[in-house]
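Hello,

Here is the structure we talked about. Please have a look through it, and then read my notes below.

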Amino acid sequence: MAWQQPMDGSHASGSKVAAADGPGTQRTQYPYVTGTSVIALKYKDGVIMACDTGASYGSTLRYKSVERIKAVGKHSLIGASGEFSDFQEILRYLDELTLSDHMWDDGNSLGPKEVHSYLTRVMYNRRNKFDPLWNSLVLGGVKKGPKGEEKYLGMVNMIGTHFEENHIATGFGNHLAIPILRAEWCEDMTFEEAVKLVEKCLLVLLYRDRSSINKFQIAKITTEGATIYPPYSLKTHWGFAAFENPSKGAVGSW
Amino acid sequence: MFRNQYDTDVTTWSPAGRLFQVEYAMEAVKQGSACVGLRSRTHAVLAAANKAASELSSHQRKVFRVADHAGVALAGLTADGRVLSRFLRSECINHAFVYDAPLPVSRLALRLADKAQVCTQRSWKRPYGVGLLVAGLDESGAHLYYNCPSGNYFEYQAFAIGSRSQAAKTFLERKFKGYDDYTPDQLIRDALSAIKETLQGEKLTSSNCTLAIVGRKDDGTVEPFEMIDAKRVQEIIDSMEAAEETPVAAAEPSSTQEEDKGTDAAPMDI
């Protein structure tokens with residue numbers, strides 16, 4: 001962006017020409033490189049978040065080692081689905097925010113609620129200019145408040161819709177993972193229980209979402225800080241009778 | 001301070017490296033009626049001595065709520081103070097809108113200081129003629145800042161500004177070391193005592209002082225910035241005066257007992 005950027009985050013307000021469609025300009029029509037679902041849930045020590053490490057280019061599974069969950073400041077994690085370049089841009093805004101917050105060194109720090117609120121303002125403002133950041137963002141974290149540790153989990157999407165919940169999923173996860181989470185989530189799960197539940201959802205997504213790949217990352221955020229675990233794969237089962245001899249009895253042209 | 005050839009505008013330095021217009025603005029603060037602020041780890045209290053232009057008029061408003069978690073007491077040109085209070089309120093509201101959280105007090109004080117500094121470096125402006133005691137609460141506890149017309153600001157455990165504030169400062173200097181652990185009630189009492197010092201003999205009543213407090217209780221709930229109503233202030237003043245009298249009353253029964261033991265001075269009726 002070539003113009004001067006004021007410090008209050010208003011630079012995140014995007015393309016100036018989005019409102020007036022002059023020659024050579026266009027409103028954002030569709031995303032190009034996209035990440036698929038992110039799922040997250042609150043557990044005993046904090047928040048756990050997981051997604052696959054793939055980024056698609058239309059129907060091609062183009063990039064296979066993409067980190068779609070990042071730590072924000074000391075207290076939060078952000079996960080994104082949708083246009084990956086917009087996520088990278090959001091990470092830059094958050095970087096600026098958290099850096100200046102850190103440099104204050106005054107005993108105050110941005111918690112997940114503040115980051116979520118900031119992102120909501122940015123996303124909604126961009127949508128109003130018809131120049132959205134084409135993402136669904138999941139924001140989770142834990143912060144010690146005056147009433148003790150407060151876990152936070154929320155999401156905001158490209159049109160600025162935002163809410164907080166005990167479990168969140170984006171994209172296909174809304175349809176495939178949320179029903180499982182609603183049935184099986186409970187308060188204060190242990191880390192192991194939470195991982196098991198998350199893996200159950202990830203597996204369903206792997207089977208049924210064509211843009212997911214079998215390489216996942218799980219991340220957690222607790223009062224100790226953020227941990228993003230190295231990528232790993234889940235065991236899948238394809239030994240169904242219908243898959244044996246798939247061409248048996250098929251009508252061929254020769 | 002005397003008139004000199006370097007004091008005409010704020011953008012002229014004196015050979016001694018002073019900006020006289022800024023210093024004159026700080027004089028305006030010293031002419032205003034006194035304000036006192038003090039804080040513990042969890043609460044901050046502001047008190048102001050009310051001055052009325054005449055018996056017929058109401059007194060000047062010197063304590064303003066800036067947000068639920070912060071407020072200011074000012075001394076000097078009250079009109080300038082009102083404008084700055086409006087600015088502070090606007091900053092707090094904007095921050096709360098974007099971040100859904102209260103603006104930390106140190107950052108509020110900084111924005112105010114930066115605004116004041118601008119007026120010390122433009123030939124077409126003048127410094128704000130008001131000093132502000134900014135008191136507030138954020139996640140690192142209760143804070144008190146003093147912002148002066150020069151654009152400087154400092155954090156204080158306790159401070160007093162305005163006319164005869166030195167008397168209040170002397171009183172506070174004696175006691176401030178224990179303030180961290182003071183209860184809100186103790187803070188209020190000391191604030192009132194400090195204001196009393198600036199009244200120089202005039203009786204302290206709820207009509208010549210304003211009191212405000214902000215803080216967080218032990219259970220974590222926030223007590224938002226609020227002016228304490230006059231009736232309650234009068235009750236506290238009355239109980240402070242009663243407490244001053246009781247040590248004297250306690251002395252009387254013991255002196256009648258000692259009479260019998262003989263060696264003390266004879267009773268007063270001789």
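**Notes on the structure**

His95(B) sits in helix α2 of chain B, which covers residues 78-99. The model is a predicted one. His95(B) counts as buried, at 12% relative accessibility. Beyond its neighbours within four places in sequence, His95(B) contacts Asp100(B), Ala101(B), Pro102(B), Leu103(B), Pro104(B) and Arg111(B).

**Chain B overall**

Chain B has six helices and ten strands. Its C-alpha atoms fill a box of roughly 80 × 50 × 40 Å along the principal axes. Of its 270 residues, 46% count as buried. Chain B exposes about 14200 Å², and carbon and sulfur atoms supply 53% of that. Take the contacts in chain B with a separation of 6 or more: residues 24 or more positions apart account for 62% of them.

**The A–B interface**

About 1500 Å² is buried between them, 52% of it from carbon and sulfur atoms. On the chain A side, Trp104(A), Asn108(A) and Arg121(A) lose the most area to chain B; together they make up 35% of what that side buries.

Nine residue pairs are in polar contact between the two chains, counting pairs with both residues at pLDDT 80 or more.

How many salt bridges does the rule find across the interface of chain A and chain B? It finds three. One of them pairs the side chains of Asp106(A) and Arg107(B), at 3.2 Å from N to O. Lys143(A) and Glu139(B) also meet in a salt bridge, at 2.8 Å. Lys143(A) lies in strand β8 of chain A (135-145) and Glu139(B) in the loop between β5 (130-138) and β6 (141-147) of chain B, so this pair joins two chains. Lys143(A) is buried, at 12% relative accessibility. Glu139(B) is partly exposed, at 40%.

Over all chains, the structure holds 23 salt bridges.

- Asp190(B) and Lys175(B) meet at 3.2 Å, N to O. Asp190(B) is in helix α5 (184-199) and Lys175(B) in helix α4, so the pair ties together parts that are 15 residues apart in sequence. Asp190(B) is buried, with a relative accessible area of 6%, whereas Lys175(B) is partly exposed, at 30%.
- Glu235(B) pairs with Arg232(B), the closest N and O atoms being 3.5 Å apart. Both lie in helix α6 (230-261), three residues apart, about one turn of the helix. Glu235(B) is partly exposed at 42%, and Arg232(B) is partly exposed at 37%.
- Arg39(B), Arg41(B), Glu155(B), Asp180(B) and Asp181(B) form a network of salt bridges.

**Backbone points to check**

Asp105(A) is not a glycine, yet its phi is positive, about 50°. It is in the loop between α1 and α2 of chain A. Asp105(A) is exposed, with a relative accessible area of 69%.

Arg164(B) also has a positive phi, near 60°, in a residue other than glycine. Arg164(B) lies in the loop between β8 (158-161) and α4 (165-175) of chain B. Arg164(B) is partly exposed, at 44%.

Best wishes

Key
Residues numbered from 1 in each chain as written. Chains lettered and ligands numbered in written order. Predicted model: local features only at pLDDT ≥ 70, side-chain atom pairs only at ≥ 80, totals over all residues. Heavy atoms only, no water. Buried area = accessible area lost by both parts, 1.4 Å probe. Salt bridge = Lys/Arg side-chain N within 4 Å of Asp/Glu carboxyl O. Polar contact = N/O pair within 3.5 Å; in protein donor to acceptor, adjacent residues only side chain to side chain. Helix = DSSP H or I, 4+ residues; strand = E, 2+ residues; numbered from the N terminus. Buried < 20%, exposed > 50% of the residue type's maximum accessible area, 1.4 Å probe, protein only. Contact = heavy atoms within 4.5 Å. Areas by Shrake-Rupley, 256 points an atom, 1.4 Å probe, with all protein chains shown as cover.
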